[in-house]
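These exercises are to be worked with the sequence and the 3D model open. Each task is followed by a solution in steps.

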Amino acid sequence: MERQPLTQRESDIPEGFRSYSNETDVPWKAVYLAVGLLIAGTVLLFTGIVLWATDPDAHGFVLFTLGLVIFIPGFYYSRISYYAYKGHPGFSFDTIPAV
């Protein structure tokens with residue numbers, strides 16, 4: 001069975017989901033949120049590592065854990081956004097949840 005390009009299977013998309021076809025349809029709000037989570041998670045990770053290394057009794061472990069929880073979805077959706085924007089096959093803005 002030959003696999004069809006995604007643009008030919010738009011009828012397979014369930015109702016309520018949107019297909020982004022050009023640059024003007026990029027969900028910028030969701031992309032900015034993903035990048036914000038990535039930046040905030042990175043800052044919290046490094047702050048937690050520094051605090052944990054310098055003073056084990058401080059709240060470094062809590063900040064490290066919180067940073068990890070924020071960093072993972074931020075990295076995941078930022079990566080999807082980047083590859084979808086660049087047009088890599090298999091990546092689409094449809095997989096990013098609406099904000």
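**Exercise 1.** Determine which residues form one aromatic cluster with W28, and which surface patch they make.

Solution. W28, Y32 and Y85 form one aromatic cluster. Rings of Phe, Tyr and Trp (its six-membered ring) pair if their centres lie within 6.5 Å; planes under 30 degrees apart are stacked, over 60 edge-to-face, and the rest tilted. W28, Y32 and Y85 also make a nonpolar surface patch of about 360 Å². Such a patch takes residues with over 30% relative accessible area and no salt bridge, joining nonpolar side chains (Val, Leu, Ile, Met, Phe, Trp, Tyr) within 5 Å. A salt bridge is a side-chain nitrogen of Lys or Arg within 4 Å of a carboxyl oxygen of Asp or Glu. Y85 lies in helix 2 and is partly exposed, at 41% relative accessible area. Buried means under 20%, exposed over 50%, and partly exposed in between (1.4 Å probe, protein chains only).

The model is predicted: local features need pLDDT of at least 70, side-chain atom pairs count only at pLDDT 80 or more, and totals for chains, interfaces and linings use all residues. Residues are numbered from 1 along each chain as its sequence is written, and side-chain values use heavy atoms, with hydrogens and water left out.

**Exercise 2.** Classify the aromatic pair of Y83 and F91.

Solution. The structure holds 8 aromatic pairs. In the pair of Y83 and F91, the centres are 4.9 Å apart and the planes make an angle of 35°, so the pair is tilted. Y83 has a relative accessible area of 28% and is partly exposed. F91 is likewise partly exposed, at 28%.

**Exercise 3.** Describe the surroundings of S78: is this residue buried or exposed, and what does its side chain reach?

Solution. S78 is found in helix 2, residues 60-86. Helices (H or I, at least four residues) and strands (E, at least two) are DSSP runs, numbered from the N terminus. With a relative accessible area of 13%, S78 is buried. Its side chain reaches the backbone oxygen of G74 at 2.7 Å. Leaving aside neighbours within four places in sequence, S78 is in contact (heavy atoms within 4.5 Å) with A34, V35 and L38.

**Exercise 4.** Summarise the protein chain: how many helices and strands are there, and what percentage of its residues is buried?

Solution. The chain has 2 helices and 0 strands. Of its 99 residues, 20% are buried. Among contacts between residues at least 6 apart in sequence, 47% join residues at least 24 apart.

Note on methods:
Polar contact = N/O pair within 3.5 Å; in protein donor to acceptor, adjacent residues only side chain to side chain. Patch = residues over 30% accessible without salt bridge, like charges linked within 9 Å, V, L, I, M, F, W, Y side chains within 5 Å. Areas by Shrake-Rupley, 256 points an atom, 1.4 Å probe, with all protein chains shown as cover.
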